[in-house]
Every structure is written in structure tokens, then in C-alpha cells.
Amino acid sequence: MRILRSILSLTQSQKRLIILGCDCLFVVAAAFCALSLVDISADQAGGPVSYLMVLPYVVAVGALASWAVGLNEMRIQHTETGAAGPTAVVAAVLVLASAGVCALVGLSYPAGLHIVLGMGYFLFSLIGRMALFQLLLLAYRASSSRTRVLIYGAGSSGKQIALALRHHASLEPVAFVDDNVTLQNLKIARLPVLSPLRIEQLVHDLKIERVVIAAPSMGQAKQTQLVRKLDTLGVEVHSLPSFAQLIGEMPLLDKLKPASARVLLGRDEVNESWQLTRNCYQNRTILITGAGGSIGAELCRQVLQLAPEKLVLFELSELALYTVLQEMEALADGLGIEVVGVLGSVTEARHVRRLMQDHSIDVVLHAAAYKHVPLVEDNPLAGLVNNVLGTQTLVQQSIQAGVERFILISSDKAVRPTNVMGASKRLAECVVHDATFQVAGQGTPIFAAVRFGNVLGSSGSVVPLFQEQVSRGGPITVTDPRMMRYFMTVQEAVRLVLRSGSIAEGGETFVLDMGNPLSIKQLARQVVENAGYTVRDAANPTGDIEIAITGARPGEKLVEELSLSNDLRATDHPKIFATEEETPDPQETAQVLRKLREALVASDEDMARRIAMTFVETAAGDTPDGQPEQSRTA
């Protein structure tokens, strides 16, 4: 074993010489085998002993042939798949060399001797190489600690993974599990295929340290459920990409690495224990409004990990509610958590009141909002009614129902807004702050708002738009080259929202640390380059995708802000801060809400826009350097 381990440390050239020497030994072994099997009489050119004079020449020809076809340069682990052809060529050359040299020196041996020599070499070479490979593999495994891997999925992708892992330096495939009962109890790539119903027992019995999900067709809900189950067992889980990704240039095993935070953000995501957050949500009935949206759906997924008693999904869109409800029911299967879907609008007071009573809501996570700036700008009345009056309705019904906590999902566009959407979110914050004064002295509900910037990858955000434009061949449209935005992944944003809700004491507006703002133009360039293309511009006129500047849209700021003041108070979480901002007088808030209702009754969009933009503190304009110029309009 020590000798085998020392072989592992040799250089590639030294290993090739050893393999060439082994080939020579295989020729000698084949010759003695042929001389012993073929009947040669003593009067035939001196008998078997005379052939020993020919043997050195045959060995030399065999060595040259092995070198010529590259047999000695072929890796030993490729013997099973690629060595048979070159070995057969060398064997044929040996047959001809043996017969030719014997003829030249005047020795007459039966043709069978030369044929058996070639066949013997072919068998000795293949069997010897495979045996040597197994010995080296055994020595390698004994000299290093290898991670035992269970592969979920015994299809073509799983088989490729097994073959790749078998020769990997630190990973050892142990078995497959597959849902297909026709594959179970079979062997694929010399590994047993077992039932996934026994996966917990298999992890224990086989000492599995890592599970690779090699089933690209597995649904997200089922994959999440599997990951959650394996996580409780302390097993690391990697997943295989889709076939479209597998045919790229990146080596297969490199694709098994866990996804990092988002390379576009250039920073690490928050990743911490749920323990400190769990206390406020565990064994409670949680209402999530706007559950079918990007943020609402992620709230649902993460709240399920906090073990609530019931999860109520409130959504205006039937299709969005159906989609998220199907996913959440699958994720909650076996957890003992009741999941309920409720179709309706937060502006319908009677419907919201009935919902609160029927389900005894404990915590409200209010994510329902019209958030697309251009659409709300063109439909100001609808946006203000939904975002402002809907929040007021939900707040009042929450007070009457006696909920424990009410958390508003706000936006950085609420800070000195230049558009109706931002104004509506600022007004919604004022409604929540006003509710804190209403319940002063009661202790509950605890009202708070959480303010953050753009969510990377959410519906309507720039990254999916850029990716779609790249898929169409471009151009990518950017409104202004100076445009800057804060970005955060939806997973990190929701995790921090839930943590903010757990530390809220009443009346806070929390601001999440989103790092430095990103240049939208630079982000567009990164999307192009990450897709494998180049940007076409003046410096590279032959590039693939052009970035076109279209001009800022109405109500669009060059740079968003996260706070009305720079006075931020630290909390017990390093990425969550509480703002110290002046809040409007409750009477002012009540007055503006009354005027908005008058605009609604009159169906007067201009009046609604004027009321909202007059009430909030706005940015009068953007200076040439992109910094907002502040002004108080009322």
C-alpha cells in the first residue's frame, strides 16, 4: 500500500514510463502464456526455447506501438471507456511483429502462437490496467477523507454525476435514490438504486454527508420540502441545474457548488439562525396580504419555516393566489400547518373584518400594494386607493380584531417621493404611525414599517427585464446613465423584514442596510456579460448587445434614499436600523385621508395626485451630480 501511495506522488512523465513498462511486462506474460498453450514440438525450429531470442524484438515493437497510439498516455481511469480500441491495435501489431520477426530469423511456429500472443496481451493489458486503477483508487481513498454522496435521481443526469464523482478527489458516490419504482433495486453505474421513502434511514446507515439532487424536472416545492427534511439531518444538499445549463462549457462538477448570494450585488447575504425571529410567529395565525407577489410569496415560504399554526394568504389576483396556494400547501404538507387562501381586496372593509374574525389573526404582514411606478403614475387614483386607503382599512380592522403585530412593507421610494407610487407608500407609513397613537397605552397591536429598496429578481424589477431583453438580442434600455438604485435579494429582504417584525416595539420605521447603490447602467452591463455576451458601444462596436439610453420617465429619481434624515438608530441586528424622523400630526393624516376619499367619490385623478404630492415631503429635482434637492411642499 505504501508503494501505491508513493506512485500517486509521481509526476505525469514518471507515471507514463511506469505504464509503458507495465505494457512490456504484459507482452512477456502474453508470450509465455502462448508458448504454454500452443503445442510446439521440439523439432520446430528448436522448440519453445528458441522463441526467447525473438521475444526482446517483439517487446520492443510492442512498446513502440503503445507509445505511437498513446496508450501509455491514457489515464488509467479511462480504461473502461476508451482503452479497448488502442489496446486492440497494439495487440494486432504484436501478432504481425511476432510472425514477421520469426520469419526473418528462420523460425517456423504455428500461426496460433502469434494469435494467442496478441489475444493474451489484449486481455492482460485491460485486466491489469483495471486492477491497477482499483488498487490506486483504494490507496487514494485510504490516504484522504472522502465525502460520501447520495444521488437523488438515477436518470441520465444522475448517471453522469456518478461517473464524474467516482474519480473525484474528495467525493465518493454511494447510492442512488429515485422515485421511479422500475429503477429501484437495480444497479446503475455500479451503484444501487434505492427508494427515496427510506432516505432518512439511508443517510444514517450509509453515513451520507452530502445529497446531490440530479433531477432537473423536480418541482421547486418538492425540492424545498426535501432540502428542509435533509437539513434536519445535518446533510449538505446540492442541486444540479437544468439540461440547458448542463450543455454549457463549465465542467459538470463545478455546477454542483451551492449558489452564492447574487454575484450582481457583490456582497454577502444575511444568513443566520431563525431562533431569535421564531418567537413572534411560532404557533400563531399569520395573515400575508399580497401573497401572490414576489415579496408576498417569499414571506409565505419563510414564515412556514417559523412553524405558525395557520397561514392565511390574502390576494386580489385569482391566478396569483392559486399559484402560491398550491406551492404553500405542498411545502406545508406533513408540518401540521393549515394554509388558507382568501380572494379579495384590502380596500373592502367588510371582507377584511370577516377574514379577521373567521381566522383569529395574530400577525399581519402587509405586502399588498401597486408598486410599478409608471403604472401608478398613469393610474393615480387606483394606486392611492389601494396603497393608502387599503392600508387604512387593514389597520383599523386589525385594531378592532386585536392582532398582536402589524408590519407594513414599505419602499425607499417613500422618501421624498417624486411620483405617486412613492407618495402612496409614504402616506401608508403615516397611516401606520397614526395607528400607533391610536393604540397608545393598550400595548397591542404593535405597528411598524420596514423600508428597503429594489428587490433583485422580483416581478417588474430591472434584472428580469434586462434578461428578457438580452434573450431577444437587445437592446437593453436604461433611462439615464446616472441612474442609481439600492438592491437586495428577495430572500434576504424577507428574512430581515421578519426579524424587524420580531424586534418592533411600536411606531418604528425600520430601514434595512442595502449596501451601496448600484449603477443601473453597470448592472445592465453585468447582465449582458453574465449571459456570455459582450456590450456593443463606442469602445467595442462589434459587441453583441447594445445598451440604449431612453431618458428618465415621469416621476423617476436618479438616486433613491432610505431615510428622511441621516439619523439612524442601531438595533440588535447589524443590518436593521430604526429611523428617527418627524411624523405628521394625526389630524393632518386624517385630513388628507378624508380628501382622498372625496377624490375617490368624485373619480378625480388630478385631485388625488395633487393631494398626495402636496402632503408628503418631496424632492424638488435632481442636481447634475444626481443628488436629490430637498423641498418641503406642505
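I started with Phe32, which sits in helix α2 (residues 12–37); helices (H or I, at least four residues) and strands (E, at least two) are DSSP runs, numbered from the N terminus. The model is predicted, so I noted that local features need pLDDT of at least 70, that side-chain atom pairs count only at pLDDT 80 or more, and that totals for chains, interfaces and linings use all residues. Residues are numbered from 1 along each chain as its sequence is written, and side-chain values use heavy atoms, with hydrogens and water left out.

Phe32 has a relative accessible area of 46%, so I put it down as partly exposed (buried is under 20%, exposed over 50%, partly exposed in between; 1.4 Å probe, protein chains only).

I looked up aromatic pairs and found 1. The ring centres of Phe406 and Phe447 are 5.4 Å apart and the planes stand at 45 degrees, so the pair is tilted (centres within 6.5 Å; planes under 30 degrees apart are stacked, over 60 edge-to-face, the rest tilted; for Trp the six-membered ring is used). Phe406 is in strand β11 (residues 405–409) and Phe447 in strand β12 (residues 446–451), 41 residues apart. Both are buried.

I then checked how the strands run: β11 and β12 are parallel and joined by 5 bridges (strands pair if DSSP finds at least two bridges between them). Leu408 has Ala449 in β12 as its bridge partner. In β12, 6 of the 6 residues are buried, so the strand is largely enclosed by the rest of the structure. Ile446, Ala448 and Val450 point one way from β12, while Phe447, Ala449 and Arg451 point the other way.

**Salt bridges**

I counted 13 salt bridges (a side-chain nitrogen of Lys or Arg within 4 Å of a carboxyl oxygen of Asp or Glu). In one of them, Arg210 meets Glu236, with the closest N and O atoms 3.4 Å apart. Arg210 lies in strand β5 (residues 210–213) and Glu236 in strand β6 (residues 236–239), so the pair ties together parts 26 residues apart in sequence. Arg210 is buried at 16% relative accessibility, whereas Glu236 is partly exposed at 35%.

I also looked up Glu492 and Lys575, whose side chains form a salt bridge at 2.9 Å, N to O. Glu492 lies in helix α19 (residues 490–503) and Lys575 in the loop between β21 (568–570) and β22 (576–579), so this pair ties together parts 83 residues apart in sequence. Glu492 is buried at 2% relative accessibility, and Lys575 is buried at 17%.
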